[in-house]
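Below are my notes on the model, as numbered points. Please read them alongside the sequence and the coordinates.

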Amino acid sequence: MAKTKTYTCSACGASFSKWSGRCEGCGDWNTIIEEAPLSAGPASKSLGAKRGHAITLTDLSTEEPPPPRTRSGMDELDRVLGGGLVAASAILVGGDPGIGKSTLLLQAAAKFANAGLKTLYISGEEASAQVRMRAQRLDLASAPVKLAAETNLRDILTTLEAERPQLAIIDSIQTMWADNVDSAPGSVSQVRAAAHELTTFAKRRGTSVILVGHVTKDGQIAGPRVVEHMVDTVLYFEGERGHQFRILRAVKNRFGPADEIGVFEMTGRGLAEVLNPSALFLSERGQPSAGSVVFAGIEGTRPVLVELQALVAPSPHSQPRRTVVGWDGGRLAMILAVLEARCGIPFAGLDVYLNVAGGMKISEPAADLAVAAALLSAREDVALPADTVVFGEISLSGALRPAPQTENRLKEAQKLGFTAAIAPAGGKTGTADSLALTRATDLTGFVGEVFGAG
């Protein structure tokens, strides 16, 4: 009986029964490839009535110690991991090429090794001499980290069984290949098989495994989505090439809060921790100017203050431009529509540019009011006071909704020397009552109070 062929998209992992030029799942072209079956046995063979072994069940309330955590000493990394590295955990780290993933993990490997963990760093992209050269540049040559350069998964697992490290770093998962899978390294089958074997080894032997993953042009980790479901934690290492700041963001974490961030600064000696990111993001802010507004945001459990910059100029084109860096372009269109429909402030015939200073990326809705303030400040050429922070969510009706963790936002602003804040009505202010707090119930009232127009 002939085997049924399966075709899989290398970008999103969708499966098809026949080949086509365009993937129906993600819309990419020329990404569908033939996938070899995982087993070479006949497809008609099944388990039948053969039974397996019984498994042991335990009570949920059984007194059993939680898996131990090990702190690296890098506070920003430990924060993102949820308080430290959990034993027998599988972690996937993704990021753009050249953003500093290997540098971050080499520094982390040295820190964990100095903390007492037996650490093994396996590189599939560089030779051992190249890794040692980078370690010397980072002053990590004396760290007790064992190095290996290998891509054969069978040899790697054999070495891990023999060495029994407490932490293994695989750089990267796309370069690993299993000789029992008939496809090229980096394909969907190879990535899925390698991730499954390494994750299974981590759970069986109690070794923490960190996998480095490449990303696609859309910024998502390349390969099948099932890899992100296999691991316990998914981290993204982000940053703009023109800025020295790097953001380590947790998008999935079974052992701690998701959406937590750690901030690093890229220097000539590697990555340096930034313990006060708000002060760093605002360090280059000059005199108050039109279109500049400070937003008090929350990233995970940490309050972060960033500067939003807007520019509104007459457009020479029939279709005005809407350019956004660091925020959602669709949400900008919504804010412009609400300003025109509810406040009578048109932006037709005007180019709109919005930028989050410092290379930061913001996703929370509480930035709506700060964006609206920046747009109106740029349009009217009126600068807001330099000691004022703004935050709040805007609904389609023009009403303002209170943002969560208002007290923490105001405390962070007060700590950095801000004396005034504009926020929606509602929300606990806590001990930050010394700030001159302006409350607004709707967008029309906000425009009238701050810019003198209704």
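1. The structure holds 3 aromatic pairs. Rings of Phe, Tyr and Trp (its six-membered ring) pair if their centres lie within 6.5 Å; planes under 30 degrees apart count as stacked, over 60 as edge-to-face and the rest as tilted. One of the pairs is F237 with F264, edge-to-face, at 6.3 Å centre to centre and 70° between the planes. F237 belongs to strand 11 (residues 233–238) and F264 to strand 13 (residues 261–267), so the pair links distant parts of the chain, 27 residues apart. Helices (H or I, at least four residues) and strands (E, at least two) are DSSP runs, numbered from the N terminus. F237 is buried at a relative accessible area of 2%, and F264 is buried at 0%. Buried means under 20% relative accessible area, exposed over 50%, partly exposed in between (1.4 Å probe, protein chains only).

2. This is a predicted model: local features need pLDDT of at least 70, side-chain atom pairs count only at pLDDT 80 or more, and totals for chains, interfaces and linings use all residues. Residues are numbered from 1 along each chain as its sequence is written, and side-chain values use heavy atoms, with hydrogens and water left out.

3. F245 and F281 make another edge-to-face aromatic pair, with 5.4 Å centre to centre and 85° between the planes. Because F245 lies in strand 12 (residues 245–253) and F281 in helix 7 (residues 277–281), the pair ties together parts that are 36 residues apart in sequence. Both F245 and F281 are buried.

4. The charged end of R379 sits over the ring of F347, 5.6 Å from its centre. The criterion is NZ of Lys or CZ of Arg within 6 Å of the ring centre and within 35 degrees of the ring normal.

5. How many disulfides does a search of the whole structure find? The search finds 0, a disulfide being a pair of cysteine sulfur atoms within 2.5 Å. For C9, the nearest cysteine sulfur is that of C23, 3.6 Å away. C9 is buried, with a relative accessible area of 0%. The sulfur of C26 has its closest cysteine sulfur in C9, at 3.7 Å, too far for a bond; C26 is partly exposed, at 34%.

6. An open sheet of 3 strands has the order 2-1-3 with antiparallel pairing. Strand 2 (15–16) and strand 3 (32–35) are at the edges with a single partner strand each, so one side of each lacks a neighbour in the sheet. Strands pair if DSSP finds at least two bridges between them; 2 bridges join strand 1 (residues 6–9) to strand 2.
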